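Here is a short briefing to read alongside the model.

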Amino acid sequence: MDEQIQNYKGAIEAILFVSEKPVVLDQLKEVFPELKPSQIHDLIKQLQEEYVNREAGMVVVEIAGGFQMLSNSHAAAYIREFYKTKTKEKLSRPALESLAIIAYKQPVGRAEVEVIRGVNSDGTIAHLLNKGLIKITGRKEVPGRPFLYGTTKEFLEYFGLKSLEDLPKIEEFTQLGVDMPKAESMPVEEAISASATESGQVVEQMQEQTASQESSGQSRTMNAEP
C-alpha cells in the first residue's frame, strides 16, 4: 500500500512539474478516479512538506485555486546567472491603472473606469481583454446596457495570488510605498476613485514582485506587453 501511495505521489509530482499553469483538484481527480479529492490534497500537502524539510530547489505553492511547482526563491541568484535574462515585459502605467480599478471595483463598466482615470480607456481595456487579465462579466442595467468587467483566473496567476482576498488592502497601501490620500476610513470604491494613479502604483508594485520571481524561474505565467 505504501508503495502505491508513493506511486501516486510521484505521479502528482510529475504532473505539477510539467504543467505551466496551476493544477486544480478536479483535473487530478480525472487522472486518479480511484482517489478521493481529500486523498489527492493530502498527497500534495505531503509533497509540500517534503520539499520544505529538505530545503529543495523546488516548492509547491497554492495559486489561483490550484497547485503549481515553482523554483525555490533561495536559488534565484543562481537561476538568474544561468539564464542571464531580464525580467518579463511589463504592463504600461495606463493598463495598470485600469486593471487596478477593475480589480478593486469589479464588476465595473468602461465609463466608470474612464471617469476615475479621466481619459479614454478603450485601448487599455481592449489590451487587458486580449491578454486575458479581465473578462466581460455581464451588462449594467442602464440605457445602452454597457458591458461590466472583472478580473480572471489569469489575473490571479499573473500576480501569484491565491484569490482576490490576497489583493493588498487599502490600509496596506502605505506599507507598499504608496501615498494614498487619507484612505484609512474610506471604502475601497472611494479610495480607488480618489486616485487611479496611486492604485496603479500598488498593482505596479505587485507586478515588479512577480516579474522578479519570473526572472528567477519562480513563475510560469504569461508575458505581458506594455
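**Overview**

Of the 226 residues in the protein chain, 43% count as buried. Please keep in mind that this is a predicted model. The chain has 10 helices and 5 strands. Among contacts between residues at least 6 apart in sequence, 59% join residues at least 24 apart.

**Helices H1 and H3**

- Helix H1 (residues 2–18) packs against helix H3 (residues 37–53) at an angle of about 75 degrees, and their axes are 10 Å apart.
- Angles of 65 to 115 degrees count as roughly perpendicular, so H1 is roughly perpendicular to H3.
- On the H1 side, the contact is made by Ile 5, Tyr 8, Lys 9, Ile 12, Glu 13 and Leu 16.
- These meet Ile 40, Leu 43, Ile 44, Gln 46, Leu 47, Glu 50 and Tyr 51 in H3.
- Sorted by class, the contact of H1 with H3 has 9 nonpolar, 1 polar and 3 charged residues.

**Nonpolar cores**

- The largest nonpolar core has 26 residues, and those with the most contacts inside it are Leu 91, Leu 99, Leu 128, Ile 134 and Phe 155.
- Two or more residues of this core come from each of strand S1 (58–63), helix H5 (93–105), helix H6 (110–117), helix H7 (122–130) and helix H8 (153–159).
- H5 gives the most to this core, with 7 residues.
- A second, separate core has 16 residues, including Leu 16, Leu 28, Leu 35 and Val 60.

**Strands and sheet**

- Three strands form an open sheet in the order S3-S5-S4, with antiparallel pairing.
- Strand S3 (108–109) and strand S4 (134–139) are the edge strands, each pairing on one side only.
- S3 and strand S5 (residues 147–151) run antiparallel and are joined by 2 bridges, with Val 108 opposite Tyr 149 in S5.
- H5 lies across S3, S4 and S5, and runs at about 90 degrees to S5.
- S1 and strand S2 (residues 66–71) also run antiparallel, joined by 6 bridges; Met 58 has Ser 71 in S2 as its bridge partner.
- The hairpin of S1 and S2 has 2 residues between the strands, and Ala 64 takes a positive phi near 50 degrees there.

**A buried glutamate**

- Glu 114 lies in helix H6.
- Buried means under 20% relative accessible area, so Glu 114, with a value of 17%, is buried.
- Leaving aside neighbours within four places in sequence, Glu 114 is in contact with Val 119, Asn 120, Ser 121 and Asp 122.

**Backbone points worth a look**

- A cis peptide bond joins Gln 106 and Pro 107, with omega at about -5 degrees; Pro 107 is found in the loop between H5 and S3.
- Glu 55 has a positive phi near 50 degrees, though this residue is not a glycine.
- Glu 55 is found in the loop between H3 and S1 and counts as exposed, at 67% relative accessibility.
- Arg 145, another residue that is not a glycine, has a positive phi of about 40 degrees.
- Arg 145 is found in the loop between S4 and S5 and counts as partly exposed, at 39% relative accessibility.

Note on methods
Residues numbered from 1 in each chain as written. Predicted model: local features only at pLDDT ≥ 70, side-chain atom pairs only at ≥ 80, totals over all residues. Heavy atoms only, no water. Axes fitted to C-alpha atoms, helices over the stretch in contact; angles between N-to-C directions. Helix = DSSP H or I, 4+ residues; strand = E, 2+ residues; numbered from the N terminus. Parallel < 35°, antiparallel > 145°, perpendicular 65-115°, else oblique. Contact = heavy atoms within 4.5 Å. Nonpolar A, V, L, I, M, F, W, Y, C, P; charged D, E, K, R; others polar. Core = buried A, V, L, I, M, F, W, Y, C linked by side-chain atoms within 4.5 Å. Buried < 20%, exposed > 50% of the residue type's maximum accessible area, 1.4 Å probe, protein only. Pairing = 2+ DSSP bridges.
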